[in-house]
Structure formats: C-alpha cells, structure tokens
Amino acid sequence: MATLTLDAVSKIYGPRLSHPVRAVDTVSLALRDGELVGLLGSSGCGKTSTLRMIAGFESVSEGTIRIGDRIINTLRPAERNVAMAFEGYALYPPLTVRDNIAFSLLRDRIPKAEVQQRVAHVAALLEIGDILDRYPQAISGGQQQRVSLARALVRRAQLSLLDEPMSQLEPQLRAVLRARIKDYLIEHRMTTVFVTHDQTEALALADRIAVMEGGRLQQFASPTDLKRRPANFFVASFIGEPPMNLFPAKMVRENGGLAVEVLGEDGTPGFRLPWPHAGRDLAEGRTVHLGIRAHEIRLGAPRPGETALDGVVVANQWLGDQSHIALAVAGVRLTIVTDRALAAPVDTRLALALPETALHLFDGDSGLAIAHGGRPAVAAAA
Ligand SMILES: Nc1ncnc2c1ncn2[C@@H]1O[C@H](COP(=O)(O)OP(=O)(O)OP(=O)(O)O)[C@@H](O)[C@H]1O
Ligand SMILES: [Mg+2]
C-alpha cells in the first residue's frame, strides 16, 4: 500500500519547440492508502501522460510526485515499485503468456511455487487460463489486453497504474471482470489509478474519480459527489446519462423574489422557475446556467416545493427498462427519464413537476458551480 501525491504537476512536450504542448497542466491529487482512483476524460485530455509521469516513463516538467513521503520525480521506473498496464499492452513477443505474466515475479526472486499459484489465480480471474502456453502474436487483441492487465495485477505492487485496462472487451465480459478486479484490489489493499474514457466503468469501479479536460483537473470526487455536486459546467455536462439538461439562463425578479429565467436557443425567454433559496451572489440580471438531471423531473401535478411545467413531446424512446422523453417546454428542449413505458406519442401534452431541490446553478462566465439543490456550492476540490 502507498499514498500517491501529485503537487501541481505539468507535462510540457517539446518545451523548446515553437509550439510546445501543455498536455498536463498543474494537476494536484492526493490519493489515500489502498484507494482505487479513476482518471476520466475525453481523448487527448492528458490521462496517459499523467500515468506515464507517475510510472517514470515520461519526465515531469513541473511540480512534484510523491509516493509516501518520498519525492519520486527523478527515480528510474524500476526504482518506484509501480506496476503499469500500458495502453498498447507492450507484451514480450518471445515469451509465452504464462512467462509474460510471471516475468516480474521471477525477477524479484519470488519462489516458483508461489509464482505459479499467483499466475494461475489472476489468469482465472481474467479468464485467460486456457491460453497460458500461447505466444502474444497468437492471441486476440482483447486477450493481449487481459495478459497486460494480469501482468500488472499479479505483482501486487505498492501502486498499480492501469491505462484503459478493458477498452477492447465486450460490455458483458467487462462488467464481470470489473467486479472481480475490484475485489482483488480490495483484498490485496492495492492503491490503484486506472484510466478510462468510459464513465460507467469509472463510476462502477472507483472510490474517487479525477475528471480531466484539456490537461486540467476539473474535479476529484466520489461518484456520488460528481453527480450531486458537479464542480463546474463541464463536469455537469460530462457525467451522467442522459446528459444533464443545461440551459443558459438569467436571474430575474418575480413576485418580490428571485426566479431563474431559462433562455431558448435564440436567446428569447423560455420558462421561469422560482428560486426561493437565498444566495449571496445571485444578483438580479446575473447570467447563469441552469442544470436539471433528467431523472429528477417528475411527471404529474406539482407537490409543495415543486414547480409545474407544461411540455409537448418531441421524441419518446422506450429502452426496455426506461423511457427517455424529449419535450419542448416554452420553446426550450428538455429531456426526462421515467422507469415506465408511456403511451405519449409526439405532440402529446404532459404535465411536469420540477422539485426545487433538483436545480443546479453554474456561473454564466466561469462555469463554476453556484448552488446545488438550492444550497450554495462549497468550493470545488479541483
Ligand atoms: N510524445 C508526445 N509528444 C508531443 N505531444 C504528445 C506526446 N504524447 C502525447 N501528446 C499530446 O498530449 C496530449 C495528451 O495526450 P495523452 O496521451 O496524455 O492523452 P489521453 O488522455 O491519454 O488520450 P487518449 O484517451 O486518446 O488515450 C495530446 O494532445 C497529445 O497529442
Ligand atoms: Mg491515453
């Protein structure tokens, strides 16, 4: 077990070229002992660069990386006791699958009987027990990926770094392996960082998720917090399926109180929602973004603390266990999710109820969260 700390770490490729690339930009993260952390973000956001700096395959341009109390910036990879599963697998072609997985254990002079037992165990876990005697060029891409993952897991290193460890696998196998890998990591109390661009995987596996975009850390938080308290507009739009309803809006006066006036695509006023929550910074006229998760909008008449809205069905899709219904509400497009099939074809009018506690507000310029569920957003972890 180990704690990993990144303090304002940056990676600049080609610093002396005319167009240097700032692939990772002042990222700070502090992992707990035995924690399972997901690095989540779109392609090119700096996930692999971050991982390779931690492993020692890429130099650190700025900032410090520590394992425990020790600064590891300039240690060679072999000196860090870090196991890494690479995005491109990097298997040894002349070695069988078994020897690929056993390689680092034998190098560390672990007794042969124990090596055999550990290799057999991870191979069974990842369902590659039947290909142990084959060579890397004679197995499929998805199998190669699992061999690469097995090679990292089998080491039980103080820190494991897994770069897109299951991207090549079909969803069913992925879901099964996900649960097994999580159990294995917990059993051996392994501190782990895994990279993914699949949010379901990150939400299912990770204790905390570091959301990255454009080389910058957007938020580092638990799956629950990412959904309930997204730190900014980007995280709100990125996490959740279907994506959060997000609208440009403006704070206005109404009946002596404040209301959020949602603006349509062409900037014309759409519907209004009362904003009964006192907020320091919510001056009249302030531009904001209003966010509402699709599954928090109810069908039916409003109860206390809810606002009634009237929508017209634009699209209605039944996904087998839930409906995604797109509605036009005062010229604004809104998506809701219900767990039942609804006989509501296009142009049907539906009564909606919007709980005040479901509303998120973000600043119109900076995108930073102002309030979640009516409560002021605390300063983001990012
Ligand atoms: N060796 C390199 N030299 C110059 N630029 C690089 C190098 N490696 C990566 N980059 C750039 O740095 C940025 C981050 O790349 P990185 O591989 O870390 O992204 P990623 O989040 O892992 O993406 P993906 O999901 O596609 O694997 C990208 O803009 C990429 O083009
Ligand atoms: Mg990558």
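1. In strand β21, A371 is the bridge partner of L361. Strand β20 (residues 359-363) and strand β21 (residues 369-372) run antiparallel and are joined by 3 bridges. Strands here are DSSP runs of E of at least two residues, and helices are runs of H or I of at least four residues, both numbered from the N terminus. Two strands count as paired if DSSP finds at least two bridges between them.

2. The model is predicted: local features need pLDDT of at least 70 and side-chain atom pairs count only at pLDDT 80 or more, whereas totals for chains, interfaces and linings use all residues. Residues are numbered from 1 along each chain as its sequence is written, chains are lettered from A and ligands numbered from 1 in the order in which they are written, and side-chain values use heavy atoms, with hydrogens and water left out.

3. Strands β20 and β21 belong to an open sheet of 7 strands with antiparallel pairing, in the order β13-β12-β11-β14-β20-β21-β22. Its edge strands, β13 (269-275) and β22 (375-376), each pair on one side only.

4. An unreviewed UniProt entry lists residues 4-239 as "domain: ABC transporter". UniProt positions are given in the numbering used here, feature names are shortened, and annotations may be inferred rather than shown by experiment. Over residues 4-239 the chain is 35% helix and 25% strand, with the end C-alpha atoms 25 Å apart.

5. How many residues of strand β7 (residues 159-163) are buried? The count is 5 of the 5, so β7 is largely enclosed by the rest of the structure. Buried means under 20% relative accessible area and exposed over 50%, with partly exposed in between (1.4 Å probe, protein chains only). Both faces of β7 are covered, with L159, L161 and D163 buried on one side and S160 and L162 buried on the other. In a regular strand the side chains alternate between the two faces of the sheet.

6. Strand β7 has parallel pairings with β6 (residues 82-85), through 4 bridges, and with β8, through 5 bridges.

7. Helix α5 (residues 171-187) has 17 residues, which at 1.5 Å a residue should span 24 Å; its end C-alpha atoms are 24 Å apart, in agreement. The expected span is 1.5 Å times one less than the number of residues. In α5, L173, R174, L177, R178, I181, Y184 and L185 are buried. They cover an arc of only 140° around the axis, which puts them on the same side of α5; the arc is that of the directions from the helix axis to the C-beta atoms. Q172, D183, I186 and E187, on the other side of α5, are exposed.

8. The buried residues of α5 pack against β3 (36-40), α3 (112-125), α4 (141-153), β8 (191-196) and α6 (199-205), where contact means heavy atoms within 4.5 Å. R189 follows α5 and has a positive phi, near 45°.

9. S10 lies in strand β1 (residues 4-13) and counts as buried at 0% relative accessibility. Its side chain makes a polar contact with the side chain of R22 (3.3 Å). A polar contact is a pair of N or O atoms within 3.5 Å; within protein, one must be able to donate a hydrogen and the other to accept it, and residues adjacent in sequence count only if both atoms are side-chain atoms.

10. T5 is also placed in strand β1 and counts as buried at 17% relative accessibility. The C-alpha atoms of T5 and I65 are separated by 5.7 Å, although these residues are 60 residues apart along the chain.
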